[in-house]
Amino acid sequence: MNPSLYLGATGFGLIAVCYGFARFAFGLFLPQIDADLSLSSTISGLISGGAFLGYCVAIVLSAYLTERIGARAVAVAAALVAAVGMVGIAVVPSPLLLATAVMLAGSSTGLASPPMAAAVAVIVRPDRQSLTNTIINAGTSAGVVLSGPIALMLGGQWRLAFTGFAVAAFIMAIAAAFIVPSETKAAPKTATGLPPINGVIVRLIAAAFLMGASSTALWSFGGQLVTHQLGWSSTGAGLLWIAIGAAGIAGAGAGTLVARFGIDRTHWLFLAALAAGIMLVGTSITTPLLALCGGMLFGAAYIMLTGVYLIWGVSALPDRPATGLMIGFLTIAIGQTAGAPIFGLLMDQLNINYAVTIFACLAFTAGLTRAGNAKLQTA
């Protein structure tokens, strides 16, 4: 196995642990956590928003550190932060401490992505970089799809589940220490500071913010939605997560689709799929089959769209891949930080159908932006 393949496999695993376990598994176990700690929908939304806020801070710090101390140290730190945060989730006795642990665990995702983009730019040949980046990005779905069966096996034992997730994060820290290169040893010194904010970057920020806000309907509240609409227990929520994660593996093909059809057409198609998935899962018209189909649409669309924004950002700043990725992913998280508490508030003040419909419509508004003259690398 050549270094590119080792790096791709390690990056895939690191993203699976940080995104699938440390960040998005909270939404899967939220009904059980709510029952044990007596959380309202508004408080649940604020806690979920806190995780996204931790991500926002961490991804900026990660891009800065990656350009200065190298990819390896930051990737190892991401896995260790995920592990510590998930140990905290497993042992917390109160909502306040839960919010702190969820924020810490969620911040690991912000640390994880920039060093992997920087490492790919160093090791992988240019004509394969978009493909490798989107394959690594699809690790999110692997983590999500694995968390589903774990929820099925453990039922309501969410503390035990997060303990197991923490062990997986420690293992990935060891793997990253051996496989991920130190960027500063393999690449010339990169530019520093804020990049120029041109039209391509502004449009990326707008699109990523709106898509991120829309996605919180399922990432933060998917378990609660199917519990309310279909009366599903943790078993049903686990099946939804399996559907989301399994379909999300298709997001590994984002690089290929963007190279063939361009950013704008790929972007529009999967925004429509994201909105449809949210509606099928969350509205009162849903059935068990429609909910699972909606979960699959959502999973494939979300990972595909994050791949689109990854390519968009890296293509806009080809000399600073960690910063280019950071801009798109940071803005997704800012949208999620704002979206989660607003969705929870709408559920409390209006009703679930209104909240779901409003957030599905947000996805369509993201399509009003265009990538413009971003120069794409061949997948």
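Buried means under 20% relative accessible area, exposed means over 50%, and partly exposed is anything in between (1.4 Å probe, protein chains only). Keep that in mind for the views below. This is a predicted model, where local features need pLDDT of at least 70, side-chain atom pairs count only at pLDDT 80 or more, and totals for chains, interfaces and linings use all residues. Residues are numbered from 1 along each chain as its sequence is written, and side-chain values use heavy atoms, with hydrogens and water left out.

View 1. Helices (H or I, at least four residues) and strands (E, at least two) are DSSP runs, numbered from the N terminus. Picture the C-alpha atoms filling a box of roughly 55 × 40 × 35 Å along the principal axes. Of the 379 residues, 59% count as buried.

View 2. How many disulfides does the count come to? Zero, going by the rule that a disulfide is a pair of cysteine sulfur atoms within 2.5 Å. For Cys56, the closest cysteine sulfur is in Cys18, 16 Å away, so that is too far for a bond.

**View 3. Thr216 sits in helix α10 (residues 199-219).** This threonine is buried, with a relative accessible area of 0%. What is Thr216 in contact with, leaving aside its neighbours within four places in sequence? Here are the partners: Phe52, Phe221, Gln336, Gly339, Ala340 and Phe359. Contact means heavy atoms within 4.5 Å. Across the chain, residues 24 or more positions apart account for 86% of the contacts with a separation of 6 or more.

**View 4. Thr323 belongs to helix α16 (residues 321-349).** Thr323 counts as buried, at 3% relative accessibility. Look for Pro115 too: it and Thr323 are 208 residues apart in sequence and 9.9 Å apart in space, C-alpha to C-alpha.
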